[in-house]
Amino acid sequence: MHYSRFAIVIFLAATCAFCSPQLTAQDDPHKIPDELIFRAADPSPTANFVVQLFTEAYARLGIKLRFEAMPRNRSLTEANKGRIAGELGRIPRLHDEYTNLVRVDFPLFDSEVVMVADRRECGLCGFNNIDSFAYIAGTQSVEEVLQDRAIDMPSIQAVDIAQLELLYDNDRVDAILLNDFEAEQLASINDYTIFVPYKRNTGYHFLHQQYAFLVPQLEAILENMLASGRILEILQENNAQIRTTLGFDESPELGPVRLSAGLWPEYTEADGSGAYWQVMEQVFAPVASELDLHANTFSRAYRGLDDNKFDALVGALGQQTPENTIVSRNHLDFDNPLYVFTATAEDMQAVEAGTLQRPVCHVAGYEYEQMLSPDLSYYSADSHLDCFAMLDMGRMGAVVGYLENVPDWTNSPYSMVKLRDALPVHVAFQKTPRGFRLRDWFDAQFRELVTSGAIRDIYTEEMIRRGYLHLNLPPEPNPVRAAR
């Protein structure tokens with residue numbers, strides 16, 4: 001896009017804390033300023049990337065940047081009036097409403113507006129499953145979502161992220177809405193937190209029209225920094241991830257899709273049957289040139305994803321996946337409470353005290369040592385049955401697993417203590433552009449399976465309730481009315 005040069009005749013109140021100096025007839029409106037003021041961004045890898053990027057870009061023009069703390073909605077007003085220089089990163093259409101702002105035509109980052117909620121309270125969650133929400137006033141990406149969907153329910157406008165998180169943590173609201181790169185910084189995120197994606201945006205830099213003459217120079221500098229690799233270096237220095245967030249205007253062509261899973265009776269059978277495999281066929285078979293389903297020991301399935309032999313691991317727990325992977329935002333199911341088992345009560349006391357001499361056996365891929373004493377030793381096995389066999393032989397001192405893993409060959413009950421409650425079960429994907437695309441397709445299609453009621457043909461009622469998916473199902477059709 002080409003921008004015309006604007007004639008600058010702006011008179012600002014000298015008493016304002018963020019005033020630019022008044023221009024006079026003798027002033028050169030195209031003179032490079034020594035300093036520009038912007039709102040201080042809330043810290044996040046993406047925001048830190050943008051701040052460093054423009055600090056360096058403006059430095060090449062001999063301009064120093066200063067950042068002032070202020071609310072987001074005030075920042076928009078100040079920028080539009082020219083009392084601060086502009087906005088660091090906002091939605092592409094910002095200048096439609098704030099007409100004094102000029103866009104620097106260089107895409108900075110892609111982001112999504114997400115709803116953050118507790119999946120135990122609303123399942124896959126959404127506006128239909130909550131009673132109230134909060135967001136940061138002046139976050140136009142969120143306000144666009146609310147306007148597009150004509151949302152009319154109790155809401156609170158927070159001043160900043162700290163206040164927003166406090167409202168959520170204190171159960172003042174059921175959910176909060178914010179940009180995904182901000183949501184990832186919330187301290188209250190846990191295994192039960194769900195991110196529900198809504199509108200996608202690309203962030204752009206905006207300047208007040210009095211600085212419009214800087215726009216072509218900035219665009220050239222940013223293009224040069226991109227070509228030289230400097231932008232990539234700044235991304236890496238700030239641990240920021242700028243990924244392409246393509247939507248699905250039509251069904252994609254995903255090529256061959258290879259999925260792995262541990263061998264779970266009734267869920268992921270070796271012959272390709274089971275509830276989870278049925279879901280995968282519903283989601284991926286229509287868009288894959290070939291769909292391969294591989295059930296094996298969990299440790300081999302886990303290593304297969306870690307070694308890039310598979311596109312995804314079906315049946316993963318959120319924090320117990322290989323590095324360089326991502327998990328589905330929507331949970332596939334919930335597992336059951338997790339226990340530690342010992343042969344005797346004395347051994348259980350030693351486990352709890354961290355003095356047990358023999359190893360604790362667990363299945364590879366599950367980092368159960370995080371739940372017990374770091375002074376214990378651990379052994380990773382291919383299956384829970386192997387663990388219990390070695391426990392019975394005295395080679396292991398304890399086993400970590402589920403009640404359904406306990407073998408039926410034992411003549412005397414084991415001592416057991418619960419380590420944690422049930423956790424959501426996910427699908428884990430490679431942390432690559434293809435992995436993000438597969439993840440997004442799974443999330444969209446699995447949500448459709450649930451909200452349409454089609455999941456009833458795959459899952460038992462017990463599974464549906466265990467995963468809190470009943471909260472998102474449509475009402476069952478009236479059989480009498482349907483018969484007519």
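Analyst: Happy to; what follows starts with the sheet, moves to the disulfides and ends with the aromatic rings. Please keep in mind that this is a predicted model, and that the values below are computed from its atoms.

The open sheet is built from five of them, in the order 16-15-17-14-18, and its pairing is mixed. Strand 16 (378-381) and strand 18 (415-420) stand at the edges; each has a single partner strand, so one side of each is left without a neighbour in the sheet. Between neighbouring strands of this sheet, the turn is 25° on average, direction ignored.

Helix 12 (residues 345-353) touches strand 14 (338-342), strand 17 (398-401) and strand 18, and its direction makes about 125° with that of strand 14. Helix 13 (residues 384-392) also packs on the sheet, touching strand 14, strand 15, strand 16 and strand 17; the angle between its direction and that of strand 17 is about 160°.

In general terms, a disulfide is a covalent bond between the sulfur atoms of two cysteines. Here, Cys361 is joined to Cys387 in this way, with an S to S distance of 2.0 Å. The bond links distant parts of the chain, as Cys361 belongs to strand 15 and Cys387 to helix 13, 26 residues apart. Its torsion about the S-S bond is about -70°, so the disulfide of Cys361 and Cys387 is left-handed. With 0% relative accessibility, Cys361 counts as buried, and Cys387 is buried too, its relative accessible area being 0%.

The structure has two disulfides in total. The other one is formed by Cys122 and Cys125, whose sulfur atoms are 2.0 Å apart. The torsion about the S-S bond of Cys122 and Cys125 is about 85°, so this disulfide is right-handed. Cys122 counts as buried at 3% relative accessibility, while Cys125, with a relative accessible area of 1%, is also buried. Counting bonded cysteines along the chain, the pattern is 1-2, 3-4.

Now for the rings. A pair of aromatic rings is described by the distance of the centres and the angle of the planes. Searching the whole structure gives 17 aromatic pairs. Among them is the stacked pair of Phe442 and Phe446, at 5.5 Å centre to centre and 15° between the planes. Both residues lie in helix 14 (residues 433-451), four residues apart, or about one turn of the helix, and both Phe442 and Phe446 are buried. Elsewhere, Phe127, Phe133, Tyr135 and Tyr198 are linked into a cluster by ring pairs.

Charged side chains meet rings too. Arg103 has its charged end over the ring of Tyr204, 4.4 Å from the ring's centre. Arg120 lies over the face of Tyr192, at 3.7 Å from the ring centre.

Notes
Residues numbered from 1 in each chain as written. Predicted model: local features only at pLDDT ≥ 70, side-chain atom pairs only at ≥ 80, totals over all residues. Heavy atoms only, no water. Phe/Tyr/Trp six-rings, centres within 6.5 Å; stacked < 30°, edge-to-face > 60°. Helix = DSSP H or I, 4+ residues; strand = E, 2+ residues; numbered from the N terminus. Buried < 20%, exposed > 50% of the residue type's maximum accessible area, 1.4 Å probe, protein only. Lys NZ or Arg CZ within 6 Å of the ring centre and 35° of its normal. Pairing = 2+ DSSP bridges. Axes fitted to C-alpha atoms, helices over the stretch in contact; angles between N-to-C directions. Contact = heavy atoms within 4.5 Å. Disulfide = S-S within 2.5 Å.
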